[in-house]
Amino acid sequence: MQKFIKEQMIYLTRVEHFNAAHKLYNPQWSKEQNHEVFGKCANDNWHGHNYELHVTVKGVPDPETGFVFNAKTLGVLINDVVVEKLDHKNLNLDVDFMKDKFTSAENVAIAIWEQLEKHLPGTVQLHCIKLHETSKIYVEYYGGK
């Protein structure tokens, strides 16, 4: 069995999915300005996406398991902490951690990071949240300000 050098950093990504509705709308602007900037995304009756969420953690593989982190455990964590709160919900109205936040993909990714980071063990670090809003649009967040 190969021994790992302590400095070897490995990245593990788990992919999950959720469906959610939202509306992009700045209440400080006129309806016309909102529609000019956000187009169909400012629809009064909301709109939805089939999101694809990639959560990447990093760390050094455990010498006894070869795992950076158990992928199944990561999946359960993502589902319990994030997906169950977002799936088939209205991001503007139903999600506690999105309260009073603009529901752009960028802000959703940051909020997901904030939810997950506090639940990870000290043996791994959150590396990246990649959130696909459509097949043509995604954002990546690596933490920090």
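Mentor: The account below begins with the basis of the model and then turns to the sheet, its helices and its side-chain pairs. This is a predicted model, in which local features need pLDDT of at least 70 and side-chain atom pairs count only at pLDDT 80 or more, while totals for chains, interfaces and linings use all residues. Residues are numbered from 1 along each chain as its sequence is written, and side-chain values use heavy atoms, with hydrogens and water left out.

Helices (H or I, at least four residues) and strands (E, at least two) are DSSP runs, numbered from the N terminus. Two strands pair if DSSP finds at least two bridges between them. Five strands form an open sheet with mixed pairing, in the order 3-1-2-4-5. Strand 3 and strand 5 (138-141) are the edge strands, each pairing on one side only. Strand 2 (residues 47-59) and strand 4 (residues 125-132) run antiparallel and are joined by seven bridges. Within this pairing, Lys 58 has Gln 125 in strand 4 as its bridge partner.

Helix 2 (residues 71-86) packs on the sheet and touches strand 1 (10-22), strand 2 and strand 3; contact means heavy atoms within 4.5 Å. The direction of helix 2 makes about 20° with that of strand 1. Here axes are lines fitted to C-alpha atoms, for helices over the stretch in contact, and angles run from 0 to 180 degrees between N-to-C directions. Helix 3 also packs on the sheet, where it touches strand 2, strand 4 and strand 5, and its direction makes about 150° with that of strand 4.

Gln 115 lies in helix 3. Gln 115 counts as buried because its relative accessibility is 12%; buried means under 20% relative accessible area, exposed over 50%, and partly exposed in between (1.4 Å probe, protein chains only). Leaving aside residues up to four places away in sequence, Gln 115 touches Val 81, Val 82, Lys 85 and Phe 97.

Aromatic pairs come next. Rings of Phe, Tyr and Trp (its six-membered ring) pair if their centres lie within 6.5 Å; planes under 30 degrees apart count as stacked, over 60 as edge-to-face and the rest as tilted. The structure holds four aromatic pairs. The rings of Phe 18 and Tyr 51 are stacked, because their planes are at 15°, with the centres 4.7 Å apart. This pair links distant parts of the chain, Phe 18 being in strand 1 and Tyr 51 in strand 2, 33 residues apart. Both Phe 18 and Tyr 51 are buried. Trp 113 and Tyr 141 form an edge-to-face pair, at 5.3 Å centre to centre and 80° between the planes. Trp 113 in helix 3 and Tyr 141 in strand 5 are 28 residues apart, and their pair links distant parts of the chain. Trp 113 and Tyr 141 are both buried.

Charged side chains complete the description. A salt bridge is a side-chain nitrogen of Lys or Arg within 4 Å of a carboxyl oxygen of Asp or Glu, and the structure holds five of them. One of these joins Glu 114 and Lys 101 (3.4 Å, N to O). That pair links distant parts of the chain, with Glu 114 in helix 3 and Lys 101 in the loop between strand 3 and helix 3, 13 residues apart. Glu 114 is partly exposed at 39% relative accessibility, and Lys 101 is partly exposed with a relative accessible area of 34%.
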